[in-house]
Amino acid sequence: MTNNQLNQSNLANLPSHIDIPNYDRSKLTAGIVHIGVGGFHRAHQAMYINELLKTPGSEHWAICGIGLLENNRSLRDILVKQDYLYSLVVRHPNGQIENKVIGSMIDFMFAPDNKQNVIDKLANSETKIVSLTITEGGYNIDPMTGDLDLNHPDIAHDIAHPNDPKTAFGYIAAALRIRKANNIQAFTVQSCDNIQHNGVVTRKMLLSLTEQQDVMLSHWIAQHVEFPNAMVDRITPVTTKVDIDYVAQTFGLKDEWPITCEAFAQWVIEDNFSDGRPNWDLAGAQFVADVTPFEKMKIRLLNAGHSVLGLLGAIHGYATIDETVSDPVFAKFLRAFMDLEVTPLLDELPGIDLEQYKNTLIERFSNPNIKDSLVRICSESSAKLPKFLIATIHENLRSGRDCSLAALVIATWCLYSDKQTSEQQELLEIQDVMKDELATYAHNTANDKLAFLKLNSVFGDLNTHPVFTQTYGEAIDGIYSATIKIKDVMKNTLESKQLSVSQGVLE
């Protein structure tokens, strides 16, 4: 173990096989201010910028990170010690490991210590893009209406105190107010969160807030600020002590918050920007006119696929995604779900080989070097599944198509919420803001097979659809049987579609 800290002065001491910034960081300026510097941002957007900065002419597109929350204080302290450098460990399915140092972040501002400094940074004409990874919760969406939750305490505060913001949208509004007053061109607001139509959602939330604060500002934002939609993808597990120890041993330097990720990365962006943009396509991103079909592909295949494996695998007793998909029954079930219940609903995808994309998904999920926990995958399922899976069910029902595989997943979610233990009687760690409400509805399943579906805020009117309720009821009978295991129910469901595990990959 080493006591030497990763920082700019120590880069030259790193082993030659480690990819370090080969550009002069002293000449960089932060054209991008990023709110919400989590692991995904550091493995994704910051990585793309790092690769772009290796090409001369992009020096003004470095990143200044922003931490809005008190729990960002330790991250700030670590990044300052490390000159905003961090290690990125890229793990391939075949065991190959790429070791990198990312240098695209050149500053980090901690809002709780000085809000005005953050507002001024956003308002500065040097800032061309304000990007976000604030998770779905950071958008303060009312789940019942899809509108901004005006009753949320932080949103109510930002409406009443526009110059003393708490939320990301409050800070953005305060900065744009200054830019409008000083006739400075508007920056782009770019969501990098895993939300369908993330630009549209971001625009809606910001305009809703500013309509309450200052109608003229809201009109100005609507005219001058662009909010490009984007689809983002890279599996980035939570950093563990094992990752920290690996970096210390491999790099010979101490990185207190390294990032580990898979090799695959994808970023599809609508080419709508207010004041210029980096040439991210030179670093592997894809600019398109409409991101919608790409979003749908990713959400319905990757995100839903994660949930399929997460819930089924958790009940069986598996702990990680790679462990689950390495089981032929689970792999077969997932591929059947993707081929039979999702693929027929997808739109044309320019530049995408859909069969290869699905093959790659299975390979990514089975990567033994990315230990993505089922606890993480199943977390906040009440927010995820309506978009990832239930939307597919509704669409298939409208088309008169079978959705028995998805029905089994929903039934498994009921069992997961009800019993909260695996088949091995291990306690499941459930992380969901609706955990208690889900459990209340699921607990009534013994008396009413459709009880779980009657949680209308999650399932809509699924409990009134006779085709689905029959299929779902049969799935409930199977997984609630004391003598039948989840894998047997999965096999039976596949066989009902004239498929068996021994057939291998679906034709």
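A crossing of two helices is termed left-handed if the near helix is turned anticlockwise from the far one by less than a right angle, and right-handed if clockwise. The structure is a predicted model, in which local features need pLDDT of at least 70 and side-chain atom pairs count only at pLDDT 80 or more, whereas totals for chains, interfaces and linings use all residues. Residues are numbered from 1 along each chain as its sequence is written, and side-chain values use heavy atoms, with hydrogens and water left out.

Two helix pairs were examined. Helices and strands are DSSP runs (H or I, at least four residues, for helices; E, at least two, for strands), numbered from the N terminus. Axes are lines fitted to C-alpha atoms, for helices over the stretch in contact, and angles run from 0 to 180 degrees between N-to-C directions. H15 (residues 381–398) passes H16 (residues 404–419) with the axes coming within 10 Å and crossing at roughly 155°, and the crossing is left-handed. The two helices are therefore roughly antiparallel to each other; angles under 35 degrees count as roughly parallel, over 145 as roughly antiparallel, 65 to 115 as roughly perpendicular and the rest as oblique. Contact denotes heavy atoms within 4.5 Å. On the H15 side, Ser381, Ser382, Leu385, Leu389, Ile390 and Ile393 meet Ala406, Val409, Ile410 and Trp413 of H16. Glutamate 380 lies in the loop between helix H14 (374–378) and H15, and has a positive phi of about 55° although it is not a glycine.

For H5 (residues 153–160) and H7 (residues 198–213), the axes come within 8 Å and cross at roughly 45°, which makes H5 oblique to H7. The crossing of H5 past H7 is right-handed. Ile155, Asp158 and Ile159 of H5 make the contact with Leu209, Gln212 and Gln213 of H7.

A nonpolar core is a set of buried Ala, Val, Leu, Ile, Met, Phe, Trp, Tyr and Cys residues joined through side-chain atoms within 4.5 Å. The largest such core has 79 residues, and Trp413 and Phe459 have the most contacts inside it. Helix H10 (residues 292–316) supplies the largest share of this core, twelve residues. Phe459 touches Ile390, His394, Ile410, Trp413, Phe452 and Leu453, residues up to four places away in sequence not being counted. A second, separate core of 40 residues includes Cys64, Ala168, Ala175 and Phe227.

In helix H3 (residues 73–81), the buried residues are Leu75, Arg76, Ile78 and Leu79. Seen down the axis of H3, these residues fall within an arc of 165°, so they line one face of the helix; the arc is that of the directions from the helix axis to the C-beta atoms. They pack against helix H1 (39–43) and strand E5 (105–110). Aspartate 83, in the loop between H3 and E3, has a positive phi of about 55° although it is not a glycine, and is partly exposed at a relative accessible area of 30%.

Phenylalanine 187 is placed in the loop between helix H6 (168–181) and strand E7 (188–191), and counts as buried at 0% relative accessibility. Its C-alpha lies 8.7 Å from that of alanine 123, the two residues being 64 residues apart in sequence.

Definitions and conventions: Buried < 20%, exposed > 50% of the residue type's maximum accessible area, 1.4 Å probe, protein only.
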